[in-house]
Amino acid sequence: MLSVPVSAEHSLYFKNGEVTDNSLYANIKELIIPLIEENYFRQYKVHVDCYVDEKEKVIVKKVHKIMDIVRIGKEDFQIPFSTYMNKIPGKNIEELYKITKCICDGEDITEKISDKIRHRDVSVGEEETMEVKFSVEHNFALKRGLNRIEVCTETIVPIWDNVYAHTITIPCQRYSSNYSVHNADYEVIGYGFAFDDPNHKDKIDRVIYKDRYDDCFKIRFENWTLPTR
């Protein structure tokens, strides 16, 4: 991920304002220019509640996402509803991944989105492990300006599947992620890709904020973040 200074905000998305020759924007402008006409997140908030069931040997994750999207480009927008899940003996495939809420600008479209969930067996990695890929294809018709999409999902994974990753797909002005584990025997460790280098701690503090509580890890980027390609 890449963080863009506040001073580059107008140049990045509204094409006005001066940019100094030694600024970050000037150095990577050839990479940024193709993104100027695209939609972007004004803010993206993710909250994950993680419940460890040692008796059933599973972890239940309840994920709540709020996306404030500014449309300055295409009307159609697709959220990447796509995830790979491990099969669990005794659990039906449909139990592994559910969309429990989906609201677009105040309109509840949960049932419409849930009906579009598809799954298929796939081989993953060098060892070709068989997993189940869940996906949803849905075009959100965005209005000009600010739009809000809220999505809640619930997944069930084996107890050994203890890694969670999240990425953005379009530029984001402000990003935050909270991850809670409701089990005192477990600890959460998290980081922001490319910025969690202890050798450059002075620089990290300028772009990323991390808070650690008893059962919750919080990470947030207060400035522009670009998606990895």
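Biologist: How many salt bridges does a search of the whole structure find?

Modeller: This is a predicted model, where local features need pLDDT of at least 70, side-chain atom pairs count only at pLDDT 80 or more, and totals for chains, interfaces and linings use all residues. Residues are numbered from 1 along each chain as its sequence is written, and side-chain values use heavy atoms, leaving out hydrogens and water. A salt bridge is a side-chain nitrogen of Lys or Arg within 4 Å of a carboxyl oxygen of Asp or Glu. The search of the whole structure finds four.

Biologist: Which residue forms a salt bridge with Arg148?

Modeller: The closest N and O atoms of this pair are 2.7 Å apart. The partner lies in strand E3 and Arg148 in strand E11, 80 residues apart; strands (E, at least two residues) are DSSP runs numbered from the N terminus. The partner is Asp68.

Biologist: Is Asp68 buried or exposed?

Modeller: Buried means under 20% relative accessible area, exposed over 50%, and partly exposed in between (1.4 Å probe, protein chains only). Asp68 has a relative accessible area of 8%, so Asp68 is buried.

Biologist: Where is Glu150, the salt-bridge partner of Lys101?

Modeller: The closest N and O atoms of Lys101 and Glu150 are 3.2 Å apart. Lys101 is in strand E6, 49 residues from Glu150. Glu150 is in strand E11.

Biologist: What is the relative accessibility of Lys87, which meets Asp121 in a salt bridge?

Modeller: The side chains of Lys87 and Asp121 meet at 3.1 Å, N to O. Lys87 counts as partly exposed, because its relative accessibility is 42%.

Notes
Helix = DSSP H or I, 4+ residues; strand = E, 2+ residues; numbered from the N terminus.
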